[in-house]
Amino acid sequence: PEAQERLFHGKAESSSGLGEQTWISPLEGESVRSLFDHSLKPALFSTERNGYPAFLKESGHALRSGALIPLNINEVLFGALLLGSSDPERYYPEDGTDLLEQLGTNIALSMDNCLTYEKVQEFAVRDQLTGLFNFFQIHSVLEKEFRKARCSGSPLSVLVVDLNFVHDWDEL
């Protein structure tokens with residue numbers, strides 16, 4: 001859920017369109033995991049051969065065949081990608097799934113990299129323990145504010161608080 005919200009900003013609450021014939025539908029971690037066998041391999045289906053999968057029965061989409069690909073890396077299941085077709089013969093359960101598995105891994109790796117990058121960006125400007133700006137960020141902000149105050153002739157006040165006691169929090 002956290003990855004879905006961070007990567008799809010507000011589109012994670014309900015099924016919504018992202019483009020022509022493309023949508024995102026949120027599924028909780030266990031719901032996604034239950035769509036696959038224990039190996040988390042892509043699942044192919046054809047409605048002519050084995051009917052609609054349970055997760056699609058109430059969706060109203062006109063899919064006749066599809067490939068459900070787990071987005072899984074480092075034991076983290078981000079969700080699943082559904083490639084669907086109105087052609088009932090496009091995907092067959094007997095087809096090989098090696099390339100689809102690689103696609104899912106690459107997408108999951110990209111999602112993991114995006115989330116890691118966001119965390120690194122946040123750690124670069126904020127103290128992990130307090131959530132406050134770190135020294136370098138504070139220095140940058142103060143420098144900018146001093147310049148603005150000097151140019152406009154406005155007074156500027158700065159409040160400094162000593163938080164040395166914070167280092168003792170991990171002992172509590």
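## Terms and model

Two strands pair if DSSP finds at least two bridges between them. Helices (H or I, at least four residues) and strands (E, at least two) are DSSP runs, numbered from the N terminus. This is a predicted model, in which local features need pLDDT of at least 70 and side-chain atom pairs count only at pLDDT 80 or more, while totals for chains, interfaces and linings use all residues. Residues are numbered from 1 along each chain as its sequence is written, and side-chain values use heavy atoms, with hydrogens and water left out.

## The chain as a whole

The chain holds five helices and five strands. Along the sequence they follow the pattern α-β-β-α-β-α-β-β-α-α.

Of the 172 residues in the chain, 23% are buried. Buried means under 20% relative accessible area, exposed means over 50%, and partly exposed lies in between (1.4 Å probe, protein chains only). Contact means heavy atoms within 4.5 Å. Among the contacts in the chain with a separation of 6 or more, 47% are between residues 24 or more positions apart.

## The sheet

Strands of a sheet pair through backbone hydrogen bonds, either parallel or antiparallel. Here three strands form an open sheet in the order β3-β4-β5, and the pairing is antiparallel. β3 (43-46) and β5 (76-85) stand at the edges with a single partner strand each, so one side of each has no neighbour in the sheet. From one strand to the next, the twist averages 15°. Axes are lines fitted to C-alpha atoms, for helices over the stretch in contact, and angles run from 0 to 180 degrees between N-to-C directions.

β3 and β4 are joined by four bridges. In this pair, Leu-44 stands opposite Ala-67 of β4. Ala-67 also stands opposite Leu-83 in β5. Strand β4 (residues 65-73) and β5 pair over nine bridges. Pro-70 is opposite Ala-80 in β5, and the bridge partner of Ile-73 in β5 is Val-76. The hairpin of β4 and β5 has two residues between the strands, and Asn-74 takes a positive phi near 50° there.

Helix α4 (residues 98-125) lies across β3, β4 and β5 and runs at about 45° to β4. α4 has 28 residues and reaches 41 Å from its first C-alpha to its last, close to the 40 Å expected at 1.5 Å a residue. The expected span of a helix is 1.5 Å times one less than its number of residues. Buried residues in α4 are Leu-100, Gly-104, Ala-108, Met-111 and Leu-115. An α-helix has 3.6 residues a turn, so residues three or four places apart point the same way.

A nonpolar core is a set of buried Ala, Val, Leu, Ile, Met, Phe, Trp, Tyr and Cys residues joined through side-chain atoms within 4.5 Å. The largest one here has six residues: Leu-71, Ile-73, Phe-78, Ala-108, Met-111 and Leu-115. β4 and α4 each supply at least two residues of this core. Its largest share, three residues, comes from α4. β4 itself is mostly covered, with eight of its nine residues buried.

Which strand holds Ser-46? Ser-46 lies in β3. Ser-46 counts as buried because its relative accessibility is 0%. The side chain of Ser-46 reaches the backbone oxygen of Pro-88 at 2.9 Å. A polar contact is a pair of N or O atoms within 3.5 Å; within protein, one must be able to donate a hydrogen and the other to accept it, and residues adjacent in sequence count only if both atoms are side-chain atoms.

Ser-65 is placed in strand β4. Ser-65 also counts as buried, because its relative accessibility is 0%. What does the side chain of Ser-65 reach at 2.7 Å? That atom is the backbone oxygen of Asp-87. The side chain of Ser-65 also reaches the backbone nitrogen of Tyr-91, at 3.3 Å. Leaving aside neighbours within four places in sequence, the residues in contact with Ser-65 include Phe-45, Ser-46, Leu-83, Pro-88 and Arg-90.

## Helix α5

Helix α5 (residues 135-152) has 18 residues. From its first C-alpha to its last, α5 reaches 26 Å, close to the 26 Å expected at 1.5 Å a residue. Gly-153 follows α5 and has a positive phi, near 75°.
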